[in-house]
Amino acid sequence: MFAAAGGLSLVPQPFDGPAAAAVAKHASRCRLPPRRRSLFQGRAACAARPATSGGSGVDQEEASREEASRIGDADPRQLRRSADWRAARAYKDSGVLFDGKIEAFNNGGLLIRFYSLLGFLPYPLLSPSHSCKDPSRTIQDIAKDLVGSSISVKIIEANEEEKKLIYSEKDAAWSKYSSQINVGNVFDGRVGSLEDYGAFVHLRFPDGYYHLTGLVHVTEVSWDLVQDVRDFLHEGDEVKVKIIQIDKEKSRINLSIKQLEDDPLMETLDKVIPQEGQLVSDSFDTSSSMNIEPLPGLESICKELLQEDGISDVRLGRQGLEKRVVSQDLQLWLSNVPAKDKQFTLLARAGRQVQEVYLTTTLDQDGIKKAVQRVLGRVP
């Protein structure tokens, strides 16, 4: 359903870069044949030429006639489509973007012209910039307004046998804008779809458009225990997010909402177990920390941490009871308290209970995280 004849140019419009030679090579192999009148003239000239040696002249003339007949019988429209399929494959292999005209739409996506071919852009592969302009509009209304305009897309499938020509505007947007983002950047975002494992958030760039989308994993939504992300976020919500990881090979962005706020636990720990001269707050239960039972399994974890290279000392610190539940299971968090004299602070949390763990180590923060992950993998 995607192939269609047309009177458009055989050779794609020129572009710069390594793909130019590939497209030109494909196109040069597929010039349309001359008209039959020229072929007949060629045959007459060949027939008038005397044979040179034995039967070789006859053989050459017969071969020329067969070739002329084969080319003359070819459908120029089919030759044009074959050339355009080769050009489409060159675009796909090179990753060069293509500005295509939107000719129509259906329930699944947009139909976009690629010279004599008609390709398909599924709605899920549209850039979020369209839906974020007016979230209340349906995708069909958006598609209707796009008909007749041109958009920049990347060809992600070009299969001539199956007549499949598939575009992605999201991939094109990644090629254009991924160089403008870095880990640690903070963006205004708009919540898109919600899943059990997290929320997809569209990032608004300085031009006011939402070009890229990242994932806020359920563990990065809030410092509180999040059992269902839908209890915290709703589609269309405007939020601030921080980029915490970029996977350029997979075109993925990991985001965090909670890392834009200080861990409230650190504030409450300092209030419930104040340093000298500080007043006690009621942020925690008033139970004495001396009466709190040690967290089950924490002692074994501390012993295993001492087996890790780069960790020279592990000591338990302050403990307290929170009024909120952070996690039912024992978890270890790296505190955002600045390291001092190579001493970092971990937070062991389970239920309402929290315990500080002091590490003396030469490892950096990433090294500590990896060491903790290895230990938790060994300790049942």
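Guide: Helices here are DSSP runs of H or I with at least four residues, strands are DSSP runs of E with at least two, and both are numbered from the N terminus. By that rule the protein chain has 10 helices and 14 strands, and Ser-178 lies in the loop between helix H7 (169–177) and E6. Residues are numbered from 1 along each chain as its sequence is written, and the model is a predicted one, in which local features need pLDDT of at least 70 and side-chain atom pairs count only at pLDDT 80 or more. Totals for chains, interfaces and linings use all residues, while side-chain values rest on heavy atoms, with hydrogens and water left out.

Visitor: Why does Ser-178 count as buried?

Guide: A residue is buried under 20% relative accessible area, exposed over 50%, and partly exposed in between, using a 1.4 Å probe and protein chains only. Ser-178 has 11% relative accessibility and therefore counts as buried. Across the protein chain, 40% of the 380 residues count as buried.

Visitor: Which residues does Ser-178 touch, not counting residues up to four places away in sequence?

Guide: Contact means heavy atoms within 4.5 Å, and with those neighbours left out Ser-178 touches Ala-173 and Leu-212. For the protein chain, considering contacts with a separation of 6 or more, 62% join residues 24 or more positions apart.

Visitor: What makes Phe-232 partly exposed?

Guide: The relative accessibility of Phe-232 is 34%, so Phe-232 counts as partly exposed. This residue is found in the loop between E8 and E9, where, apart from neighbours within four places in sequence, Phe-232 is in contact with Val-221, Ser-222, Leu-225 and Val-226. Phe-232 and Val-221 are 11 residues apart along the chain, and their C-alpha atoms are separated by 7.7 Å.

Visitor: How do you know that Lys-342 counts as exposed, and which class does Ser-251 fall into?

Guide: Lys-342 reaches 54% relative accessibility and so counts as exposed, whereas Ser-251, at 37%, counts as partly exposed. Lys-342 lies in the loop between E12 and E13 and has a positive phi of about 60° although it is not a glycine. Ser-251, in the loop between E9 and E10, likewise has a positive phi, near 55°, in a residue other than glycine.

Visitor: How do you know that the span of helix H4 agrees with the value it should have?

Guide: The expected span of a helix is 1.5 Å times one less than its number of residues. Helix H4 (residues 76–94) has 19 residues and should therefore span 27 Å, and its end C-alpha atoms are 27 Å apart, so the two values agree. The buried residues of H4 include Arg-80, Arg-81, Asp-84, Trp-85 and Tyr-91, and just after H4, Gly-95 takes a positive phi of about 80°.

Visitor: What makes a set of grid points a pocket, and how much space lies in the largest pocket?

Guide: On a 1 Å grid over the protein atoms alone, a cavity is a set of points where a 1.4 Å probe fits but cannot get out, whereas a pocket is an open set with protein on both sides within 12 Å along at least five of seven lines, and lining residues have an atom within 4 Å of a point. Points are joined across faces, edges and corners, and a volume is the space filled by probe spheres set on them. About 1400 Å³ of space lies in the largest pocket. Its lining has 39 residues, with Glu-220, Lys-258, Gln-259, Trp-333 and Lys-369 closest to the centre. H10 gives the most to this lining, with 7 residues.

Visitor: How does the lining of the largest pocket divide by class?

Guide: Ala, Val, Leu, Ile, Met, Phe, Trp, Tyr, Cys and Pro count as nonpolar, Asp, Glu, Lys and Arg as charged, and the others, Gly among them, as polar. The lining of the largest pocket has 18 nonpolar, 13 polar and 8 charged residues.

Visitor: Which residues lie nearest the centre of the second largest pocket?

Guide: Pro-128, Ser-131, Gly-192, His-202 and Glu-235 lie nearest its centre, out of 23 lining residues. The second largest pocket holds about 520 Å³ of space, and its lining divides into 10 nonpolar, 9 polar and 4 charged residues.
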